[in-house]
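Subject: the structure I promised you

Hi,

Here is the structure we talked about, along with my notes on what turned up in it. Have a look at it first, then read on.

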Amino acid sequence: MQLLRQRLSFLPWLLVCAVVIGTFLPMVLLSQSSRIDGEREPFTVLSLHWEVAFGASSPEKAEWVPFDEAAKAKLDNYEGTVLLQRPLPDLHWNNPYLYFSMMNRFEAFLDGESIYRFNMDGKLKYISPTRMIHAASIPSDTAGRHLLIRAEWEKAGLLGHDLVMMGELDQILFISIVSELAFIVYSILGTAAGVTGLVLFLRRRERIYGWFSLFCLASSWGLLLTCRTLQWFIPMSSAYHWGLLLTPFAIWACMGFYANALNAGSFRYVKFAHYAMGFYSAAAILFAAVAPSIFHQWVGMGELFIALVGFSTVTYALARHAYGSRGETTRLEKRWLLRGYWTFTIGSIVSIIAFIFPLPLTRLMMEIPYLYRVVEGMLPNVFFLFLICTVMVIVVRVRQVHLESERNAAELLVKNRELEQFHRNLEKLVDTRTSELERANRTLAVTLREKAETLAEISVLEERNRIAYEMHDVVGHTLTAAIVQLEATRKLTDRQGGVPQEKLDLLDELVRKGLNDIRKTVRLMKSDEEQPLSLEASLRELIQYAEDTMEVKVESDILLPRELSLGTVTEGVLCHALQEGLTNGIRHGRSYRFRFRIACEENELRFSLSNDGEPYEQSAPGFGLSSMMERVELLGGSVSVRASAGADRLPAGCELVITIPLS
């Protein structure tokens, strides 16, 4: 079933081949007689009634023989002077021309008078005589005139029958364009394909695109440089010569294209063929530059040799691919490679047979002109069909790359979605871990606060021990001194019968000092078992004491919930902060009015004390303020001291702000 499907798929290609080979025939589509000749004589090829003489003797003494096939065969190995003559036909044109070709050194005479001379001194070496056409103007009356050609021959075969042609300029130009229109069109298409392949090669750096580009460009330009039409518009004498070097490059590129498409580049025979092609190309360039005459003699055989090498290499690669490793070549690519191979092979065989046996082709031209045009246009049409096959191989390859890119894009899209989902999951995990860290941080903060309170209690105990040591040293010393003075006073009283006044004053001073020290120490060493006052009560007592003893007025706004529990250390810090603020305001700011406010706001305790004293100026904090800041920061809070604003919005007094977090 699969074999039947493959054979059926080959039928459309056969139809395409038949349409291209059988319909694109410009010489049939554009009739010369109906479009260019009109009422004039038709364009004429002077192929009959020629006589030839070999040697440098004068025309009068030359031995003339008919210029038949035997004489033409002799030219293949002849080197020297060749004389050709014949009478001109009785044809009438307004402005007739004679057109000469196939000769690289010659001079033409009409009735003994020179009418055209080309390269008789041999200075022009880089020319291709088979493609050059030389036009020589002649009188309109040609009846009875005698044409003589003296040519210097260099062992070159005579191909075709268009050695001398006759007609007007527009006639030969029209014939040239019509007969070579297929070559020109296919060359333009091949050049476009070659440029596209070059772009693909530069972008993707794959060898198959490079071989495809080289094949299209070399074969297209080589095909274009076989056209004689170009010389009527631009100088082409040297271009025709160097254009012969494009054929080996085209065959070499075709071989490389098939080898890469079939993954046969590692085969030994293919490597050997590549080396042979490289050697031939280098030799051809050398001979074309140094010995152009030898190059033109052997270029035909050389092209036949490299064509056989290329054909055998492609055949070998196809056979190895069919029975060996298939590599990465797809079935569709192989199908187009086979179509191109068989199409070009069959078309080339037909063209070679027509070239080797010209007489049957001539008879065919006389009897069935259409079939003759089909055979004549076989080579360019087959090249175009082969070009289509190679282009389709590239299209299949590019389409395969495109499909693979789409698959990769789809996979990347799936991976991108998976990555987005992973990113969202990661964000959720980060949020979860952040929440856990926040809870751990709050727990740690509570632990740190408890630790701070514990350290503060330890500090209080250390301070109490210090005060106890002070009572033992200072107060004990004072009382001991008082006791000694009392005993001394008693002895003096017994001895003198009275108490000296200075002793009494000294005792009074010592007792009072001791009493003050004891009171001070006792206030600092209140027992923890005693019921302490609440924070609000302590703050109000401190405010009342300041108003009673320091002659100031304090406006207070204490907004503390009853269930608020701050801890002993925090409450002590707040009380000492109020005491420090009042004392600094009276001592340094000379304040008489204070505004105090303490309240809970958004999970923090806010303490604010402002006065109406002198404006606060930034300076290094003293011992009391520094100690207060350290204790507040130990509790995780912050302290701000700045100038407060008066009624006129100008700086007045000082404002102390403390914030302590509650959580």
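A quick definition before the notes: helices and strands here are DSSP runs, with at least four residues (H or I) for a helix and at least two (E) for a strand, numbered from the N terminus. Also keep in mind that this is a predicted model.

On that count, the protein has 19 helices and 15 strands. Of its 663 residues, 38% are buried. Among contacts with a separation of 6 or more, 76% join residues 24 or more positions apart.

The unreviewed UniProt entry annotates "transmembrane region" at 12-30, 172-202, 209-234, 240-260, 272-295, 301-319, 340-359 and 379-398. I looked at two of these spans in the model. Residues 272-295 are 96% helix and 0% strand, and their end C-alpha atoms lie 24 Å apart. Residues 379-398 come out as 100% helix and 0% strand, with 28 Å between the end C-alpha atoms.

The cores

Which residues have the most contacts inside the largest nonpolar core? They are Tyr 186, Phe 215, Phe 257, Tyr 258, Leu 337 and Ile 394, in a core of 52 residues. Helix 1 (2-23), helix 6 (181-204), helix 7 (207-224), helix 9 (246-261), helix 11 (292-323), helix 12 (331-356) and helix 15 (378-496) each put in at least two residues. Helix 15 gives the most, with 12.

Ser 608 is in strand 13 (residues 604-611). Its relative accessible area is 17%, so it counts as buried, the limit being under 20%.

Six strands make an open, antiparallel sheet in the order 3-2-4-9-6-7. Strand 3 (65-66) and strand 7 (113-118) are the edges, each pairing on one side only. Strand 7 pairs with strand 6 (residues 106-110) over 5 bridges, in the antiparallel sense, and Phe 109 stands opposite Ser 114 there.

Rings and charges

There are 23 aromatic pairs. One of them is Phe 106 with Tyr 116, a stacked pair at 5.7 Å centre to centre and 25° between the planes. Phe 106 is in strand 6 and Tyr 116 in strand 7, so this pair ties together parts that are 10 residues apart in sequence. Buried or exposed, what is Phe 106? It is buried, at 0% relative accessibility, while Tyr 116 is partly exposed at 21%.

Elsewhere, ring pairs join Phe 212, Phe 215, Phe 257, Tyr 258, Phe 344 and Phe 386 into a cluster. Phe 215, Phe 257 and Tyr 258 are names you have already met in the largest core.

Two charges over rings to finish. Lys 74 has its charged end over the ring of Phe 54, 4.1 Å from the centre. Arg 86 lies over the face of Trp 50, at 5.9 Å from the ring centre.

Cheers

How values were computed
Residues are numbered from 1 along each chain as its sequence is written. This is a predicted model: local features need pLDDT of at least 70, side-chain atom pairs count only at pLDDT 80 or more; totals for chains, interfaces and linings use all residues. Side-chain values use heavy atoms; hydrogens and water are left out. Two strands pair if DSSP finds at least two bridges between them. UniProt positions are given in the numbering used here, feature names are shortened, and annotations may be inferred rather than shown by experiment. Rings of Phe, Tyr and Trp (its six-membered ring) pair if their centres lie within 6.5 Å; planes under 30 degrees apart count as stacked, over 60 as edge-to-face and the rest as tilted. Buried means under 20% relative accessible area, exposed over 50%, partly exposed in between (1.4 Å probe, protein chains only). A charge sits over a ring if NZ of Lys or CZ of Arg is within 6 Å of the ring centre and within 35 degrees of the ring normal. A nonpolar core is a set of buried Ala, Val, Leu, Ile, Met, Phe, Trp, Tyr and Cys residues joined through side-chain atoms within 4.5 Å. Contact means heavy atoms within 4.5 Å.
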